[in-house]
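This report describes selected side-chain arrangements in a single structure.

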Amino acid sequence: MGKQRVAQLEYSEFQSAMLDEGKRRRKAAKIIAVLEHFRGPLGGLTVGDVGCSAGFIADELALAGAKHTLGIDIDVPGLRKAADRFGERVAFVCGDGTALPFPDGSIDVLVFNHIYEHVVDPDAVVAEMHRVLSDDGVLYLGLGNRLGVMEPHYKLPFLSYLPPALADRYVRAFGRADHYYERFRTRRGLRRMLRAFHVWDYTFPVLATPGRFAGGELFPGALGRIAQTVLARMPRELLRLLLPLVPTYLWVATKTPRRPAGAALPQPPERVRPL
């Protein structure tokens with residue numbers, strides 16, 4: 001690979017998590033619950049999943065009532081599997097996120113879930129999503145944090161903190177990969193990446209009320225219920241102190257100012273201050 005990053009083609013062929021249907025559908029249920037809390041049902045809308053791979057999340061978006069559902073990726077083997085199974089409900093497109101093959105303002109809802117760290121130019125992809133999103137459209141974002149302690153792909157602590165050369169040595173030393181490809185950003189860097197949008201943070205609402213957002217597996221067992229209760233009652237000022245180290249942010253972004261339409265929550269969504 002050398003020093004220059006190249007696109008991760010055929011991602012589903014070496015990342016088995018993309019083919020874990022149960023896990024992907026559970027993620028989809030959370031995504032849909034957040035979107036519906038923010039803007040209401042998906043019925044009658046044109047919805048796109050950027051980085052859809054094998055298509056499980058796109059299929060759930062279609063089943064949730066979207067009028068037109070699009071799955072976009074450069075993962076050809078994943079797209080073939082997706083089209084074979086879900087092609088009657090979802091239109092799958094082999095396309096680069098930096099040049100989405102859709103007209104300006106043509107998509108009502110976009111999903112970009114744990115993708116940015118894998119693409120060569122995430123800023124260009126975000127700019128393209130801004131272009132194709134309608135003026136009253138909504139973008140869902142699942143965003144890994146560089147300062148999350150446990151790196152989610154290789155399960156090595158502090159891996160994403162390291163410069164590329166040291167990260168490569170780290171994954172090789174533990175036999176996880178030849179190179180560390182992913183490039184995460186801090187919360188500040190993510191705010192800068194989304195600066196053209198108006199952003200609402202759903203991270204703490206989902207953690208504090210996982211049942212409301214189809215996230216029951218986040219806090220299993222008695223200890224989990226205690227943790228959920230603590231999060232639901234903790235003063236927001238204290239929770240904000242944790243934000244720099246939260247491993248994953250769940251954000252909803254719009255091109256024009258909007259407010260969440262859903263019911264009140266113990267920990268409500270908050271605006272992400274733009275940079």
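Rings of Phe, Tyr and Trp (its six-membered ring) are taken as a pair if their centres lie within 6.5 Å, and planes over 60 degrees apart count as edge-to-face. The model is a predicted one. By this rule, the count comes to 8 aromatic pairs. Two of them are set out below.

| Aromatic pair | Centre to centre | Between the planes | Geometry |
|---|---|---|---|
| Phenylalanine 158 and tyrosine 161 | 5.1 Å | 85° | edge-to-face |
| Tyrosine 202 and phenylalanine 213 | 6.1 Å | 80° | edge-to-face |

The pair of tyrosine 202 and phenylalanine 213 links distant parts of the chain, the two residues being 11 residues apart. Tyrosine 202 lies in the loop between strand S6 (198–201) and helix H8 (203–208), whereas phenylalanine 213 lies in the loop between H8 and helix H9 (221–233). Both tyrosine 202 and phenylalanine 213 are buried. Ring pairs also bring in Phe38, which forms a cluster with Tyr202 and Phe213. In the other tabulated pair, phenylalanine 158 is partly exposed, at a relative accessible area of 44%. Tyrosine 161 is likewise partly exposed, with a value of 30%.

Helix H5 spans residues 122–132, and its buried residues are Pro122, Val125, Val126, Glu128, Met129 and Val132. These residues lie on the same side of H5, because they cover an arc of only 160° around the axis. In general, an α-helix has 3.6 residues a turn, so residues three or four places apart point the same way. The buried residues of H5 pack against strand S1 (46–50), strand S4 (107–113), strand S5 (133–144) and H7.

In helix H4 (residues 76–86), the buried residues are Pro77, Gly78, Leu79, Ala82 and Phe86. A side-chain oxygen of aspartate 75 comes to within 3.1 Å of the backbone nitrogen of glycine 78 at the start of H4.

**Arginine 191**

Helix H7, against which the buried residues of H5 pack, comprises residues 187–193 and contains arginine 191. What accompanies the side chain of arginine 191, given that this residue is buried yet has no salt bridge? The nearest side chain of opposite charge, that of aspartate 201, is 9.1 Å away. A polar atom of the arginine 191 side chain does, however, lie 2.8 Å from the backbone oxygen of arginine 273. Apart from neighbours within four places in sequence, arginine 191 is in contact with Trp251, Val272, Arg273, Pro274 and Leu275.

How values were computed
Residues numbered from 1 in each chain as written. Predicted model: local features only at pLDDT ≥ 70, side-chain atom pairs only at ≥ 80, totals over all residues. Heavy atoms only, no water. Helix = DSSP H or I, 4+ residues; strand = E, 2+ residues; numbered from the N terminus. Buried < 20%, exposed > 50% of the residue type's maximum accessible area, 1.4 Å probe, protein only. Lys, Arg positive; Asp, Glu negative; His and termini not counted. Salt bridge = Lys/Arg side-chain N within 4 Å of Asp/Glu carboxyl O. Polar contact = N/O pair within 3.5 Å; in protein donor to acceptor, adjacent residues only side chain to side chain. Contact = heavy atoms within 4.5 Å. Arc of directions from axis to C-beta. Phe/Tyr/Trp six-rings, centres within 6.5 Å; stacked < 30°, edge-to-face > 60°.
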